[in-house]
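Take a look at the fold below before reading on. Follow the chain slowly from one end to the other.

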Amino acid sequence: AERYELIEKIAEGGMARVYRARDLILKRTVAVKILKDQMTGDAAFIRRFEREAQSAAALSHPNIVNIFDVGEEDGIYYMVMEYVDGANLKDYIRKQGPLLPSEAIRIARQIAEALEQAHSYGVVHRDVKPQNILFSKDGKVKVTDFGIAIAGDGVTVTVGDQIIGSVQYIS
């Protein structure tokens with residue numbers, strides 16, 4: 001949209017890539033999530049991507065990654081989010097080793113507060129996993145990736161013969 005300059009790819013998932021970028025108007029670093037090309041022809045994936053933006057944009061909490069913008073240009077679907085300049089929980093544990101109980105409680109409390117906020121708005125995350133828990137440089141926990149969130153009213157794109165989520169974390 002001639003507003004965001006992509007700097008480097010910082011993450012990639014099953015349906016999108018995330019880039020560190022520069023908002024040229026507000027002069028700040030942001031994260032831009034772009035739906036993969038192979039997904040843009042699939043209306044269900046586009047709905048999931050749009051639902052993530054709508055679900056997360058409705059939430060305002062210090063432990064939830066903020067959504068700033070969402071759009072589509074020339075068949076490229078994107079979402080602009082707060083850039084969190086830190087590791088995810090999976091990488092953090094790999095680097096630090098087992099967490100002390102007090103640290104695990106501190107992290108879990110912040111995740112729970114984020115999910116409580118989401119639930120109060122009728123949003124269920126459905127893919128809480130270490131890769132979707134980010135740390136800011138000051139140690140604050142941020143929950144991200146509401147891509148398969150489900151509205152509290154049960155509206156979802158899940159089809160009976162499909163499993164959506166991270167297999168290792170599905171309860």
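## The model and its sheet

This is a predicted model.

What holds strands side by side? In general, strands of a sheet pair through backbone hydrogen bonds, either parallel or antiparallel.

## Strand β3 and its partners

Now find strand β3, residues 28-35. This strand is mostly covered, with six of its eight residues buried. On one flank, eight bridges join β3 to strand β2 (residues 16-23), and the two run antiparallel. β2 and β3 form a hairpin, and four residues lie between them. In that turn, Lys27 has a positive phi of about 55 degrees.

β3 also pairs with strand β5 (residues 76-82). Five bridges link them, again in the antiparallel sense. Here Ile34 has Tyr78 as its bridge partner. Next, look across β5 to β4. Six bridges join these two antiparallel strands. The bridge partner of Gly71 in β5 is Tyr78.

## Helix α3

Helix α3 covers residues 101-120, which makes 20 residues. From first C-alpha to last, the helix reaches 28 Å, close to the 28 Å expected at 1.5 Å a residue. Which residues of α3 are buried? They are Glu103, Ile107, Gln110, Ile111, Ala114, Leu115, Gln117 and Ala118. Seen down the helix axis, these buried residues fall within an arc of 155 degrees, so they line one face of α3. On the other side, Pro101, Ser102, Arg109, Glu116 and Ser120 are exposed.

The buried residues of α3 have several covering elements, including α2 (89-96), β6 (123-124), β7 (133-135) and β8 (141-143). Just after the helix comes Gly122, with a positive phi of about 80 degrees.

## A closer look at Gln110

Gln110 is found in helix α3. Why does Gln110 count as buried? Its relative accessibility is 12%, and buried means under 20%. Leaving aside neighbours within four places in sequence, Gln110 is in contact with Asn63, Gly139, Lys140 and Val141.

## The nonpolar cores

In soluble globular proteins, nonpolar side chains tend to be buried together. In this model, the largest nonpolar core has 31 residues. Those with the most contacts inside it are Leu35, Phe49, Met81, Ile111 and Phe146. At least two residues each come from β2, β3, α1 (43-57), β5, α3, β7 and β8. The largest share is supplied by α3, with five residues.

Leaving aside neighbours within four places in sequence, Met81 is in contact with Val18, Val30, Ala31, Lys33, Val65, Asn66, Ile67 and Phe68. There is also a second, separate core of eight residues. Among them are Tyr19, Val30, Val32 and Ile34.

Note on methods. Residues numbered from 1 in each chain as written. Predicted model: local features only at pLDDT ≥ 70, side-chain atom pairs only at ≥ 80, totals over all residues. Heavy atoms only, no water. Buried < 20%, exposed > 50% of the residue type's maximum accessible area, 1.4 Å probe, protein only. Pairing = 2+ DSSP bridges. Expected span 1.5 Å × (residues − 1). Arc of directions from axis to C-beta. Contact = heavy atoms within 4.5 Å. Core = buried A, V, L, I, M, F, W, Y, C linked by side-chain atoms within 4.5 Å.
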